[in-house]
Amino acid sequence: MFTDFKDFTLISEKLTPSELVAEIHSCFEAFDKIIAKYNIEKIKTIGDAYMVACGLFGARDDHAEAVADMAMAMIENIQREDLNPIEEAAGIQRLIDEFQ
């Protein structure tokens with residue numbers, strides 16, 4: 001699964017570099033904890049992009065469900081923590097929309 005932040009370029013223009021890095025770090029740190037909970041592998045992060053995969057290091061019958069549950073947990077975390085000014089991760093939201 002791949003995520004990136006909605007309107008990231010516009011938002012980044014309004015923040016200082018330190019504020020921007022702090023926002024991304026806070027979000028990605030939370031994402032790291034969430035993927036650990038679901039035993040999902042982080043592939044890489046580049047800028048505001050966060051990429052994960054499930055089942056790389058062993059077959060899993062529940063790989064799609066685990067990724068969907070992880071995505072829901074990511075959205076809930078963003079909403080609960082009110083990670084402003086960065087909005088919901090658009091890629092995660094598209095994934096959830098497809099499952100509903």
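**Notebook: rings, strands and charges**

Buried stands for under 20% relative accessible area, exposed for over 50%, and partly exposed for what lies in between, with a 1.4 Å probe and protein chains only. I note that this is a predicted model, where local features need pLDDT of at least 70, side-chain atom pairs count only at pLDDT 80 or more, and totals for chains, interfaces and linings use all residues. Residues are numbered from 1 along each chain as its sequence is written, and side-chain values use heavy atoms, with hydrogens and water left out.

**Entry: aromatic rings**

I searched the whole structure for aromatic pairs and got four. Rings of Phe, Tyr and Trp (its six-membered ring) pair if their centres lie within 6.5 Å; planes under 30 degrees apart are called stacked, over 60 edge-to-face, and the rest tilted. Phenylalanine 5 and phenylalanine 28 make a stacked pair, 6.0 Å centre to centre with 25° between the planes. This pair links distant parts of the chain, 23 residues apart: phenylalanine 5 is in the loop between strand E1 (2-3) and helix H1 (8-12), and phenylalanine 28 is in helix H2 (residues 17-37). Helices (H or I, at least four residues) and strands (E, at least two) are DSSP runs, numbered from the N terminus. I checked burial here too: phenylalanine 5 and phenylalanine 28 are buried.

Phenylalanine 28 also pairs with phenylalanine 31; that pair is tilted, at 6.1 Å centre to centre and 35° between the planes. Both residues lie in helix H2, three residues apart, which is about one turn of the helix. I then noted that ring pairs join Phe5, Phe28, Phe31 and Tyr50 into a cluster.

**Entry: the sheet**

I traced three strands in an open sheet, in the order E1-E3-E2, with antiparallel pairing. E1 and strand E2 (41-46) are at the edges with a single partner strand each, so one side of each has no neighbour in the sheet. Two strands pair if DSSP finds at least two bridges between them. For E2 and E3, which run antiparallel, I found five bridges. Isoleucine 46 has alanine 49 in E3 as its bridge partner. The hairpin of E2 and E3 has two residues between the strands, and glycine 47 there takes a positive phi near 60°.

**Entry: charges**

How many salt bridges are there? I got two, taking a side-chain nitrogen of Lys or Arg within 4 Å of a carboxyl oxygen of Asp or Glu as the rule. Aspartate 32 bridges to lysine 42, with the closest N and O atoms 3.0 Å apart. Aspartate 32 is in helix H2 and lysine 42 in strand E2, ten residues apart, and the pair links distant parts of the chain. Aspartate 32 is partly exposed at a relative accessible area of 29%, and lysine 42 is partly exposed at 40% relative accessibility.

Arginine 60 forms a salt bridge with aspartate 62, and the closest N and O atoms are 2.9 Å apart. I placed aspartate 62 in the loop between E3 and H3. Arginine 60 has 21% relative accessibility and counts as partly exposed; aspartate 62, at 34%, also counts as partly exposed.
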